[in-house]
Amino acid sequence: MYRSTEQIDNILFDLNKAVDAHYDWLINMFACVVNNNIEQSESINVNSHHLCHFGRWLDGHQSMDQEESNCLQAIEATHTKMHHCGRELMWVIRDKKTNTDKFSEFKHRLTLFSAAVTAYKIYLLKMRSSVDILTGLPGRRMLDERFEQQLKDVSDQNMYMLLLDIDRFKNVNDTYGHLVGDAVLRELAQQLRDRIREGDTAYRYGGEEFIIILYAPSDREACQAALRLCKSVAATTIHCDDKALNITVTIGVTQAWAGESIGVVVKRADAAMYRGKQTGRNRCMLMDEGGEIHLITS
């Protein structure tokens with residue numbers, strides 16, 4: 001799973017609004033002390049970390065992967081402790097107690113909260129920079145960074161790599177120009193987004209090559225998925241301005257085994273795909289565990 005650049009931008013916008021609102025909350029919290037209406041303030045509620053604007057944003061925001069989950073957990077923990085410390089500090093101020101430790105602790109908790117939010121923003125910006133601008137798919141950098149963890153996370157199913165290459169794509173660029181070529185790449189990317197299952201991920205690997213990381217219980221299911229995709233692309237007409245184009249893809253399929261590097265798996269998928277190009281294009285080829293390449297027919 002991944003997020004588009006638009007989705008990431010929306011998260012950053014909403015996050016910044018939530019942080020701004022949270023600092024307003026903190027100011028109002030101490031204004032209640034000064035105005036002697038602390039008992040009416042939501043800030044003294046034991047669930048104040050859920051009641052504030054930032055808490056509501058955090059409660060409604062879902063993670064997409066383990067790294068994001070870790071970021072959000074850090075924000076939640078520091079946010080909760082900051083609210084708890086803030087409640088204690090309100091009582092200290094109201095009762096005019098000389099307790100500098102509470103002021104120092106609140107400053108420390110606020111610093112940790114800000115650091116956790118900053119770490120999450122860095123994660124989002126890093127993710128954004130890894131999305132291919134033309135197609136909106138995650139790019140090669142994201143695949144390279146996530147492949148090892150994806151392979152480690154495999155449990156009850158096997159992980160497969162499908163390497164797709166558009167057949168005779170150079171002819172499209174030479175005949176219709178690069179703007180049409182770009183439109184073809186965008187349309188294929190959209191087809192991949194629409195046709196892969198939840199949990200599988202499509203990447204633009206480079207040029208006219210795309211990679212799908214797919215989970216299946218056996219070679220048969222993985223090959224059937226690849227064949228359905230190949231046939232679906234061939235049956236779809238791409239409309240660009242006044243032009244109607246049909247493209248085909250050749251797909252190389254291979255399973256990724258525990259401990260393998262992405263380079264090793266890509267090399268197998270590429271060899272299978274290249275055999276498909278040599279023997280007619282618009283087809284799917286499987287390289288099995290023994291290194292044999294087979295035409296996928298059903």
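**Exercise 1.** Determine which residues Gln-191 touches in this predicted model, not counting residues up to four places away in sequence, and classify Gln-191 as buried or exposed.

*Solution.* Gln-191 belongs to helix α8, residues 178-195. Step 2: List the contacts. Heavy atoms within 4.5 Å define a contact, and Gln-191 touches Ser-232, Val-233, Thr-236 and Ile-238. Step 3: Apply the accessibility cut-off. Buried means under 20% relative accessible area; Gln-191 has 3% relative accessibility and therefore counts as buried.

**Exercise 2.** Describe how strands β4 and β5 are joined, and identify the partner of Thr-237.

*Solution.* Step 1: Strand β4 (residues 237-240) and strand β5 (residues 243-246) run antiparallel and are joined by four bridges. Step 2: Thr-237 has Asn-246 in β5 as its bridge partner. Step 3: The two strands form a hairpin with two residues between them. In the turn, Asp-241 has a positive phi of about 55 degrees.

**Exercise 3.** Classify the ring pairs that involve Phe-54 with Trp-57 and with Phe-113.

*Solution.* Step 1: The structure holds three aromatic pairs. For Phe-54 and Trp-57, the ring centres are 5.6 Å apart and the planes stand at 45 degrees, so this pair is tilted. Step 2: Phe-54 and Trp-57 are three residues apart in helix α3 (residues 53-60), and are therefore separated by about one helical turn. Step 3: Phe-54 is buried at 0% relative accessible area, and Trp-57 is buried at 15%. Step 4: The rings of Phe-54 and Phe-113 have centres 5.1 Å apart and planes at 85 degrees, so the pair is edge-to-face. This pair links distant parts of the chain, with Phe-54 in helix α3 and Phe-113 in helix α5 (residues 100-129), 59 residues apart. Step 5: Ring pairs link Phe-54, Trp-57 and Phe-113 into a cluster.

Notes. Residues are numbered from 1 along each chain as its sequence is written. This is a predicted model: local features need pLDDT of at least 70, side-chain atom pairs count only at pLDDT 80 or more; totals for chains, interfaces and linings use all residues. Side-chain values use heavy atoms; hydrogens and water are left out. Two strands pair if DSSP finds at least two bridges between them. Buried means under 20% relative accessible area, exposed over 50%, partly exposed in between (1.4 Å probe, protein chains only). Rings of Phe, Tyr and Trp (its six-membered ring) pair if their centres lie within 6.5 Å; planes under 30 degrees apart count as stacked, over 60 as edge-to-face and the rest as tilted.
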